[in-house]
Amino acid sequence: MVVGLVIGAVVGGYGVHLAASSTGGLRRLPYYPARALADPVAAGDADTIMVDELPVALVVLSRGGRLLHAATRAQAEFAEGLGALIRHPALQRAVADLQPGGVSEVRIEADVPVRRVVQAFVKAGSWHGHPACVVVLLDATAHDALDRARSDFVAHASHELRTPLAALVGFIETLQGPAANDAAARQKFLAIMARQAARMQRLIDRLLYLSRVQMLEHQRPQGQVVLPDLFARLNDELQGKPAEDRAAVIIHAPPAGALRGDADQILQVLVNLCENALRYGRPAPPAVARIDVTAQRLETGGLVISVRDNGPGIAAQHLPRLTERFYRVSQPAGRNGGDQGTGLGLAIVRHIVDRHGGRLDITSTPGQGTCCSVWLPQG
């Protein structure tokens, strides 16, 4: 409906003509109704385009694809990504191929800095008496993320759930049959069943959280993260861990101040990194596990938060794939109780960091530990 109204306004609805003033700026001329715009004698140029008052993201391009004007809504909704969308080959091709009086629709997919999907509707018009076109940009990123989440669940999550579900079914059948009257076996099997059920619950929770993060990934957060408060909340989160785990994590005092971001999501980043370090970053006995959480400002700008462990480290061939969904590094027998985790923790970290315009860097030396560093822009 909105697109129809916008195209109607371009063709001959209510419009406002922006004309160059003697000072070199733009001055706004009065509104003209649709029937007046249809009469060149009464209204001047019949193809004038109203851009700033429409409740959609709209830009005006020359027929050569150069930006002439961007509505306030377009600048607010797409921010620094607007230039990349305008220069996208699919949109430039649609502008070049557009016939006079024609309307075309094009799908724009951009992966830098984060994945974004935009439906663009292009209509020929004029701007200051010269051939131009108006482009309505509809953000379809959230819808695309939902479709991808559904397909990922079918392709990957169903496979991941099959193993613990099969274990539960097997133990239930055993308890209903041969072990029905065996109290010792019942206690043993129930403990294993509880672990498998918890594993499925963690997997589902992580998948739902990852889906929410991906749907918001294209929207830069506008909140404030106060660093001392963030580290205090991390300390509170770790209070639910066993005493041995809490003692292994050393949280160093962060610098004062704040940065722009989503405090809950940045906290989730730190929790995930600490959980990974506790799960996979423990050195072999008799060495004592130590995980250091630090934050420091850089002279070049931004803030770096690091989680460093003194564990066995990770082989170099695994590092590029650690943030892939469901990717897990095989652990030696006996480590982590056979629990390999969900394989989603670092994928969540990567998407959150991407949303904040930051970078995730993972370095590791076998036998010396692993360091996960998150760089976040200051503003």
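This is a predicted model: local features need pLDDT of at least 70, side-chain atom pairs count only at pLDDT 80 or more; totals for chains, interfaces and linings use all residues.
Me: Where is Gln265 placed?
Reply: Gln265 lies in helix α11, which covers residues 263–280.

Me: Is Gln265 buried or exposed?
Reply: Gln265 is buried, because its relative accessible area is 6%, and the cut-off for burial is under 20%.

Me: Which residues does Gln265 touch, leaving aside those up to four places away in sequence?
Reply: Gln265 touches Tyr209, Val213, Ile352, Arg355 and His356.

Me: Turning to α9 and α11, at what angle do they pack?
Reply: Helix α9, residues 227–238, packs with α11 at an angle of about 50°, and their axes are 10 Å apart. That angle makes α9 oblique to α11. The crossing of the two helices is right-handed.

Me: Which residues meet there?
Reply: From α9, Leu230, Phe231, Arg233, Leu234 and Glu237 meet Ala263, Asp264, Ile266, Leu267, Leu270, Val271 and Cys274 of α11. The residues of this contact comprise 9 nonpolar, no polar and 3 charged.

Me: Now the sheet of 5 strands: what is the order?
Reply: The order is β9-β11-β12-β14-β13, in an open sheet with mixed pairing. Strands β9 (249–251) and β13 (359–365) stand at the edges; each has a single partner strand, so one side of each lacks a neighbour in the sheet. The twist from one strand to the next averages 15°.

Me: How many bridges join β12 to β14?
Reply: There are 6 bridges between β12 (residues 303–309) and β14 (residues 369–376), and the two strands run antiparallel.

Me: Which residue in β14 stands opposite Leu303?
Reply: Leu376 of β14 stands opposite Leu303.

Definitions and conventions:
Residues are numbered from 1 along each chain as its sequence is written. Side-chain values use heavy atoms; hydrogens and water are left out. Helices (H or I, at least four residues) and strands (E, at least two) are DSSP runs, numbered from the N terminus. Buried means under 20% relative accessible area, exposed over 50%, partly exposed in between (1.4 Å probe, protein chains only). Contact means heavy atoms within 4.5 Å. Two strands pair if DSSP finds at least two bridges between them. Axes are lines fitted to C-alpha atoms, for helices over the stretch in contact, and angles run from 0 to 180 degrees between N-to-C directions. Angles under 35 degrees count as roughly parallel, over 145 as roughly antiparallel, 65 to 115 as roughly perpendicular and the rest as oblique. A crossing is left-handed if the near helix is turned anticlockwise from the far one by less than a right angle, and right-handed if clockwise. Ala, Val, Leu, Ile, Met, Phe, Trp, Tyr, Cys and Pro count as nonpolar, Asp, Glu, Lys and Arg as charged, and the others, Gly among them, as polar.
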